[in-house]
Amino acid sequence: METVIPPAPPVLLPIAGSAATFPVRRVYCVGRNYADHAREMGHDPSREPPFFFQKNADNLLLPDKDFPYPPRSADVHHEVELVVALRRAGADIRAEEALDHVYGYAVGIDFTRRDLQAEAKKAGRPWTAAKAFEHSAPISALAPATAIGHPASGGIWLKVNGESRQQGDLAQMIWTVPEIVAELSRLFTLAPGDVIMTGTPAGVGAVMRGDIITCGVDGVASLSVKVV
Ligand code: MN
């Protein structure tokens, strides 16, 4: 079919142990899904439940690529997160059935221009410029649930230049993965290819050019990214 401009290329995630790839549709993110991180950002998790925002599929940074420090910020923070990849469509999904919709899992980083986010929060404006910038979401290869199961606990960690910065456990999530899928499916019609970044534990902080960031979710995947 003739198109008047070139169509955008699909974003294809590698799959561990396979030559096949996972085409991405949407990227959803959960805000403040770990109580200790909500508190470090100045919020009371007992009064403010988690919520959703989005990045774009083409903001994903595939494995073995460097992270270019973005423009218009002097305070870019790392947030290590478990990433959930969906294989099946659905709306109003019940939490009891939500894991049937999951293809697999990865580890990712929700890089955030914290200075722009603070300005947006103060002005009551959207977080788009703080969150959905180029290459803002490094992601590992996907581990299929058929290979690793559905992790509900286990370490989630991030180091900068070998020094521990974030160390949490998936069991600390306020909304579990089935609850996240169920909640999200009440707001949006989910589809195969949607991925969800499930929030970060405490210890977020700034990165600088030259930093080597390593992170992982035990039993799922690990990832190494250089800031350039
Ligand atoms: Mn995040």
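**Buried residues, sheets, a metal site and ring pairs**

Leaving aside its neighbours within four places in sequence, Ser-140 is in contact with Pro-63, Ala-106, Val-107, Ala-221, Ser-222 and Leu-223, where contact means heavy atoms within 4.5 Å. The structure is a predicted model, in which local features need pLDDT of at least 70 and side-chain atom pairs count only at pLDDT 80 or more, while totals for chains, interfaces and linings use all residues. Residues are numbered from 1 along each chain as its sequence is written, and side-chain values use heavy atoms, with hydrogens and water left out.

Ser-140 is located in the loop between strand 10 (137-138) and strand 11 (143-144). Helices (H or I, at least four residues) and strands (E, at least two) are DSSP runs, numbered from the N terminus. With a relative accessible area of 2%, Ser-140 is buried; buried means under 20% relative accessible area, exposed over 50% and partly exposed in between, for a 1.4 Å probe and protein chains only.

Gly-216, a residue of strand 16 (residues 212-217), has a relative accessible area of 0% and is therefore buried. Apart from neighbours within four places in sequence, Gly-216 is in contact with Val-107, Gly-155, Ile-156, Trp-157, Ala-221 and Ser-222. Trp-157 lies 59 residues from Gly-216 along the chain, yet the C-alpha atoms of these two residues are separated by 5.6 Å. Val-107 is also among the contacts of Ser-140.

Two strands pair if DSSP finds at least two bridges between them. Strand 12 (residues 155-160) and strand 13 run antiparallel and are joined by 6 bridges. Within this pairing, Ile-156 has Gly-168 in strand 13 as its bridge partner.

A further open sheet consists of 3 strands in the order 9-6-15, again with antiparallel pairing. Strand 9 and strand 15 (205-206) stand at the edges with a single partner strand each, so one side of each is left without a neighbour in the sheet. Strand 6 (residues 76-78) pairs with strand 9 over 2 bridges in the antiparallel sense, and Val-76 stands opposite Arg-113 in strand 9.

The manganese ion has Glu-79 (OE), Glu-81 (OE) and Asp-110 (OD) as its protein donors, at 2.0 to 2.1 Å. Donors are N, O and S atoms within 2.8 Å of the metal (3.2 Å for Na, K and Ca); water is not among the atoms, so sites may look incomplete. Along the chain the donors follow the spacing E-x1-E-x28-D. Distant parts of the chain are linked by Glu-81 in strand 7 (residues 80-86) and Asp-110 in the loop between strand 8 (102-109) and strand 9 (112-113), 29 residues apart. Both Glu-81 and Asp-110 are buried.

The structure holds 7 aromatic pairs. Rings of Phe, Tyr and Trp (its six-membered ring) pair if their centres lie within 6.5 Å; planes under 30 degrees apart count as stacked, over 60 as edge-to-face and the rest as tilted. Phe-22 and Tyr-103 form a tilted pair, with 5.7 Å centre to centre and 35 degrees between the planes. This pair links distant parts of the chain, as Phe-22 is in strand 2 (residues 21-23) and Tyr-103 in strand 8, 81 residues apart. Phe-22 is buried at 7% relative accessibility, whereas Tyr-103 is partly exposed at 24%.

The pair of Tyr-28 and Phe-188 is also tilted, because the ring centres are 5.1 Å apart and the planes stand at 35 degrees. Tyr-28 lies in strand 3 (residues 27-31) and Phe-188 in the loop between helix 5 (177-187) and strand 14 (195-197), 160 residues apart. Tyr-28 is buried at 1% relative accessibility, and Phe-188 is partly exposed at 30%. One aromatic cluster is formed by Phe-51, Phe-53 and Trp-127.

Charges also sit over rings. Lys-55 lies over the face of Phe-133, at 5.7 Å from the ring centre, and Lys-159 over the face of Trp-157, at 5.6 Å from the ring centre. The criterion is that NZ of Lys or CZ of Arg is within 6 Å of the ring centre and within 35 degrees of the ring normal.
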